[in-house]
Amino acid sequence: MLGVLGGGQLGRMWAHAAQTMGYQTAVLDPDPHSPAGLVSHLHLCADYLDPQALAQMAQQCAAITTEFENVPAQALAQLAQTKFVSPAAAAVAVAQDRAQEKAHFTRCGVPVAPHAVLASAADVAAVSEALLPGILKTARMGYDGKGQAHVANRAELLAAWQSMQSTGLAMPSGDQAPGANAARASSPNLEAPHPAQASTAGKAIVSPQGHATPSATVCVLEKMLPLAAECSVVLARGHDGQMVHLPVQANLHRDGILAVTEVGDGALDPALAAQAVAAARDVAQGLDYVGVLCVEFFVLHPDGPSGKTSLVVNEIAPRPHNSGHHSIDSCDVSQFELQVRCMAGLPLVPPRAHSAAVMLNLLGDLWWSGAVSASAPVQQHKNAHPPTEPAREPNWAAVLALPGVHLHLYGKTQPRRGRKMGHLTCTAPALAQARDVARQAAQCLGLAPW
Ligand code: ADP
Ligand code: MG
């Protein structure tokens, strides 16, 4: 039996891959209706730090993984005392903290966005003008654009910083997620109420001036960059250091949430894609990583005399990633099978893409907009979401009538705005065809064109 911490859709698709290969699966997740728990042989419905549940997991599973980075690092460390855990707690700890993550990228010689770590009011006051306008992000616990604020100037930066201090979204940087609050954390795949996941309680932070201040919600201020595009690399690294990767994904985000992923010839400039793969390998190597890792990048608009676009690493996810979901339908080895192979110490072969693909995320919003006719402007229904109006199942039959459409629903019974309910992958021999079908599917569902 193989085990996973977290029972969201990533755990569910991993369980499907493991079961296809003959493994039984165990899931630890406090939600009795977790998507992965529903399809697994064993669902331990308990907190991530529950000693009995962890003991049972260790006893029954040959190897254990995680499907979200905010799992308490102690849970992974405890399991690792007796069983193989992939990825290791130390690598997950880096991914849990934007400040550590950026320091790691810099150590690896991979370009990062200009940024400053803000641990105190004094740090905020000392911010360089060159970082504005910027995006203030909590160092910990952010996902899908949550825990972020766009700040145009110093006044907005201060207001956003103060607001993040009072909402307490994150824990002090450098702390491992300790205690009961972190233990109650649910997988982000389930979109649990976020502030409940975190604690502001912690040790005092010493400002650069040497004054100890009460615990702060450490944040990272990033310069707002001119993005031409975004891309990601999903790779798998085995015990022996061998690495394989999926075709590089071109990603479109809306409101901080992945909306569209494209893969295939024409999705990205090949030289840029090769650069992204090389950088992702350096990042994995530097962590001595074993398992599936996603590295996300910004593609910057060309400036300067060279007129060339350039790449900046954004963040990592120590697990399969939403942008790699296409691999289930477009490659001969999916990102979830790679995760199973890493856990089981099986050989890693380079996934071969047999189709171009466009993946569309299906958010809960569609349950209110799905029946909208193709001519209705998306903006109209995006914010008009009367809670009194009953949710309606989108018209799946209409999209499934299109060639090469693969529908994946995650078994979540309650649609909510912004909640990831499923995805569609449109495959075709060439990207132009996959795009064409995906655009028709988007129109059927009332998704915004891109
Ligand atoms: P999350 O952890 O919530 O995914 P990200 O840091 O990846 O947060 O930010 C979400 C999205 O916001 C990115 O995919 C990108 O579209 C946009 N974004 C984030 N940081 C910047 C930046 N420094 N400049 C421009 N856009 C950004
Ligand atoms: Mg991101």
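**Entry 1: the overall picture.** I counted 16 helices and 20 strands in the chain, taking helices (H or I, at least four residues) and strands (E, at least two) as DSSP runs numbered from the N terminus. This is a predicted model, where local features need pLDDT of at least 70, side-chain atom pairs count only at pLDDT 80 or more, and totals for chains, interfaces and linings use all residues. Residues are numbered from 1 along each chain as its sequence is written, chains are lettered from A and ligands numbered from 1 in the order in which they are written, and side-chain values use heavy atoms, with hydrogens and water left out.

I then looked up burial (buried is under 20% relative accessible area, exposed over 50%, partly exposed in between; 1.4 Å probe, protein chains only). Of the 450 residues in the chain, 56% are buried.

**Entry 2: the cores.** Next I searched for nonpolar cores, meaning sets of buried Ala, Val, Leu, Ile, Met, Phe, Trp, Tyr and Cys residues joined through side-chain atoms within 4.5 Å. The largest has 56 residues, and F297 and L360 have the most contacts inside it. Helix α10 (residues 270-286) gives the most to this core, with eight residues. Apart from it I found another core of 21 residues, including A26 and L54.

What does F297 touch? Leaving out residues up to four places away in sequence, I listed its contacts (heavy atoms within 4.5 Å); among them are E230, A276, L311 and N314.

**Entry 3: helix α12.** I was curious about α12 (residues 335-344): nine of its 10 residues are buried, so the helix is largely enclosed by the rest of the structure. F336, L338 and V340 are among the buried ones. Just after α12, G345 takes a positive phi of about 70 degrees.

For a salt bridge I needed a side-chain nitrogen of Lys or Arg within 4 Å of a carboxyl oxygen of Asp or Glu. R341 is buried at 16% relative accessibility, and E337 is buried at 19%.

Entry 4: R140 pairs with D97 at 3.5 Å between the closest N and O atoms. R140 lies in the loop between β7 and β8 and D97 in the loop between α5 and α6, so the pair ties together parts 43 residues apart in sequence. R140 is buried, at 2%, and D97 is buried at 0%.

E129 meets R154 at 3.1 Å, N to O. Here E129 is exposed, at 52%, while R154 is partly exposed, at 33%.
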